[in-house]
Amino acid sequence: MKPARSFASDNNATVHPEILEAISAANRGHTVGYGNDEYTDSAVRRFREHFGADIEVFFVFNGTAANCLSLKALTESYHAVICPESAHIYTDECGAPERFTGCKLIPLPARDGKLTVEMVRGAYHGIGDQHHVQPRVISITQASETGTVYKPSDIRALARFAHEREMFLHVDGARIANAAASLGQTLRQATRDLGVDVLSFGGTKNGAMGAEAVVFFDRKLARDFLYRRKQGMQLASKMRFISAQFEALLTNDLWLRNARHANRMARLLEKEIRKIPQVKIVYPVEANGVFVKIPHRAIARLQKRYFFYVWDENESVVRWMCSFDTTEEDVKQFVKFVAEIVGG
Ligand SMILES: Cc1ncc(COP(=O)(O)O)c(C=O)c1O
């Protein structure tokens with residue numbers, strides 16, 4: 001029997017019951033489409049409570065779109081976006097950011113998934129040279145693709161570097177809730193207060209269903225975004241059902257409860273996995289992901305019962321993610337199975 005929950009991805013999780021209830025509660029009567037409705041007004045107010053009254057926020061269906069549209073709002077096609085080589089925008093979006101913006105992405109090797117000012121400085125050249133793309137955006141992922149979390153001072157330094165050069169700092173926050181929970185920060189402290197310009201705000205991995213947002217901390221940058229979103233095919237006609245999800249997520253700290261729980265399960269998984277001598281944790285566990293080097297022969301056998309992704313085939317590193325619905329029992333059963341397989 002396959003277990004009910006795997007450790008493959010926080011995208012494989014269910015929808016949080018409070019979010020389903022919110023969708024159900026919004027499922028009454030007719031209301032105007034395309035965001036001109038009271039549910040959307042209310043969800044936007046909720047975002048403004050968290051991030052400040054002067055932000056602009058736009059809801060979209062998925063994280064790839066949030067990233068592409070964010071970058072599009074900040075660039076012309078002759079600009080470049082500097083990012084870590086593990087960035088979702090570089091590795092996992094099928095070239096959509098390049099296609100959509102026309103920009104070159106400049107990927108930098110970053111072992112733990114995090115950029116530093118020194119790395120970015122090395123890639124910042126060709127300024128004013130008509131033969132060279134012009135770096136315009138630094139894009140980082142918080143929490144990173146390898147489950148690590150930038151320190152607030154790291155983000156502040158990147159923002160300062162960007163702003164001193166007429167560049168912008170974009171954050172792919174597919175897991176911004178996990179990062180903020182890990183750092184003990186509010187959503188605003190983890191983003192806007194550090195100098196972030198535009199945030200792809202993730203809802204889906206934190207218990208929602210196809211609900212992501214683009215948050216602008218400088219209203220001027222949001223100019224014409226309504227048209228970009230529509231052209232980008234991300235304007236929901238029945239917007240109220242996305243809005244209702246954000247309303248639930250940003251009320252009564254649901255975002256924080258979910259993220260804290262997922263992070264706690266990842267730490268438990270780390271603690272238990274460390275007891276197995278044949279496996280090695282390869283990145284610090286700072287959010288809801290655990291990256292593990294395991295004997296190569298064990299991978300296929302483990303996957304027969306638990307589906308998960310191989311992160312680095314050559315290094316035999318796999319990725320195990322926890323979500324808001326992972327239980328302690330799930331972790332214990334999984335670790336028991338891992339111990340059996342790698343020990344056997
Ligand atoms: C870091 C990161 N950014 C963005 C996304 C969003 O991708 P999607 O377009 O699948 O919602 C993901 C999803 O896996 C992700 O891990």
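This is a predicted model: local features need pLDDT of at least 70, side-chain atom pairs count only at pLDDT 80 or more; totals for chains, interfaces and linings use all residues.

Trainee: What span should the 16 residues of α13 have?

Mentor: At 1.5 Å a residue, helix α13 (residues 328-343) should span 22 Å. Its end C-alpha atoms are 22 Å apart, which agrees.

Trainee: Change of topic. How many residues of strand β5 are buried?

Mentor: Six of the six residues of β5 (residues 168-173) are buried, so the strand is largely enclosed by the rest of the structure.

Trainee: Which residues sit on which side of β5?

Mentor: Phe168, His170 and Asp172 are on one side, and Leu169, Val171 and Gly173 are on the other. In a regular strand the side chains alternate between the two faces of the sheet. In β5 both faces are covered.

Trainee: Is the pairing of β4 and β5 parallel or antiparallel?

Mentor: Parallel: strand β4 (residues 134-141) pairs with β5 over five bridges. Threonine 141 stands opposite aspartate 172 in β5. Together with helix α7 (residues 152-163), β4 and β5 make a right-handed β-α-β unit.

Trainee: And over how many bridges do β5 and β6 pair?

Mentor: Four, again in the parallel sense, with β6 covering residues 198-202. The bridge partner of histidine 170 in β6 is valine 198. From β5 the chain crosses through helix α8 (residues 176-183) to β6, and this β-α-β crossover is right-handed.

Trainee: One more. Where is cysteine 83 found?

Mentor: Cysteine 83 is in strand β2 (residues 79-84).

Trainee: Is cysteine 83 buried or exposed?

Mentor: Cysteine 83 counts as buried, because its relative accessibility is 0% and the cut-off for buried is under 20%.

Trainee: What is cysteine 83 in contact with, leaving aside its neighbours within four places in sequence?

Mentor: Its contacts are Ile89, Tyr90, Ile106, Pro107, Leu108, Leu115 and Ser139.

Trainee: And how far is cysteine 83 from threonine 141?

Mentor: Their C-alpha atoms are separated by 8.7 Å, and the two are 58 residues apart along the chain. Threonine 141 is the residue that stands opposite aspartate 172 in β5.

Note on methods:
Residues are numbered from 1 along each chain as its sequence is written. Side-chain values use heavy atoms; hydrogens and water are left out. Helices (H or I, at least four residues) and strands (E, at least two) are DSSP runs, numbered from the N terminus. Buried means under 20% relative accessible area, exposed over 50%, partly exposed in between (1.4 Å probe, protein chains only). Contact means heavy atoms within 4.5 Å. The expected span of a helix is 1.5 Å times one less than its number of residues. Two strands pair if DSSP finds at least two bridges between them. A crossover is right-handed if, with the strands pointing away from the viewer, the path from the first strand over the helix to the second runs clockwise.
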